[in-house]
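Student: I would like to learn how to read a model like this one. Please show it to me and start with a single residue.

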Amino acid sequence: MYLGTCPLGYKRENKKMIIDETTKDLVIRIFNMYLEGKSYQTIANILNAEKIPTLTNKQWKDATVSKIINNKIYVGDFEQYRNKQEKETVVYMNVVEPIISRAMYEDVQNQKEKKGANSDVSQSLVCLSALCSLVLISAQGICKSLENRV
């Protein structure tokens, strides 16, 4: 038995969580788009542009996509206490029919780790580039100031 709101791709029937055939393909598509290299935000933008509603009929956000990508329910496993810092997460394996394979889930998690490492590097490069621009602008300002004095 699954308590709470069913995640995208599932529905409740007779107190059991089963695959919702009308939304399961969207879940698979989200995982595939991530494997293609799209970011959470890019995926959200695509779904918003296509006017695909979320479960709550709100706009897609990167956090919404992230919750799907990181939810083990899509491989059939339920994580209890996943977001509770004071309790250790308990994983119940194979509690529902999976929408994606474990291999696909692992591929996504591996790509997520690679993207995380790469995004740290690219973030550092962006900061370094901005710093260099500031130094250049300051240097140009000093030069002009000195020229005006001569």
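Student: Is E36 buried or exposed?

Tutor: Burial is judged by relative accessible area: buried means under 20%, exposed over 50%, and partly exposed in between, with a 1.4 Å probe and protein chains only. E36 is exposed, because its relative accessible area is 55%. Its place is in the loop between α1 (24-35) and α2. E36 and V108 are 72 residues apart in sequence, and their C-alpha atoms are 9.8 Å apart in space.

Student: What should I know about the model and its numbering?

Tutor: This is a predicted model, in which local features need pLDDT of at least 70 and side-chain atom pairs count only at pLDDT 80 or more, while totals for chains, interfaces and linings use all residues. Residues are numbered from 1 along each chain as its sequence is written, and side-chain values use heavy atoms, with hydrogens and water left out.

Student: Is N48 buried or exposed?

Tutor: N48 is buried, because its relative accessible area is 18%. This residue is found in helix α2 (residues 40-49). Contact means heavy atoms within 4.5 Å. Leaving aside neighbours within four places in sequence, N48 is in contact with Q59 and W60. For the protein, among contacts between residues at least 6 apart in sequence, 45% join residues at least 24 apart.

Student: How do I read a pair of packed helices?

Tutor: Two packed helices are described by the angle between their axes and the distance between the axes. Axes are lines fitted to C-alpha atoms, for helices over the stretch in contact, and angles run from 0 to 180 degrees between N-to-C directions. Angles under 35 degrees count as roughly parallel, over 145 as roughly antiparallel, 65 to 115 as roughly perpendicular and the rest as oblique. The axes of α1 and α2 come within 10 Å and cross at roughly 135°. These two helices are therefore oblique to each other.

Student: Which residues of α1 and α2 meet?

Tutor: From α1 come L26, R29, I30, M33 and Y34, which meet Y40, I43, I46 and L47 in α2. For classes, Ala, Val, Leu, Ile, Met, Phe, Trp, Tyr, Cys and Pro count as nonpolar, Asp, Glu, Lys and Arg as charged, and the others, Gly among them, as polar. The contact of α1 with α2 has eight nonpolar, no polar and one charged residues.

Student: At what angle do the axes of α1 and α3 cross?

Tutor: The axes of α1 and helix α3 (residues 62-69) cross at roughly 100° and come within 10 Å. So α1 is roughly perpendicular to α3. V27, I30, F31 and Y34 of α1 make the contact with V65, I68 and I69 of α3. By class, these residues divide into seven nonpolar, no polar and no charged.

Student: How many Å apart are the axes of α2 and α3?

Tutor: Their axes are 8 Å apart, and α2 and α3 pack at an angle of about 110°. That makes α2 roughly perpendicular to α3.

Definitions and conventions: Helices (H or I, at least four residues) and strands (E, at least two) are DSSP runs, numbered from the N terminus.
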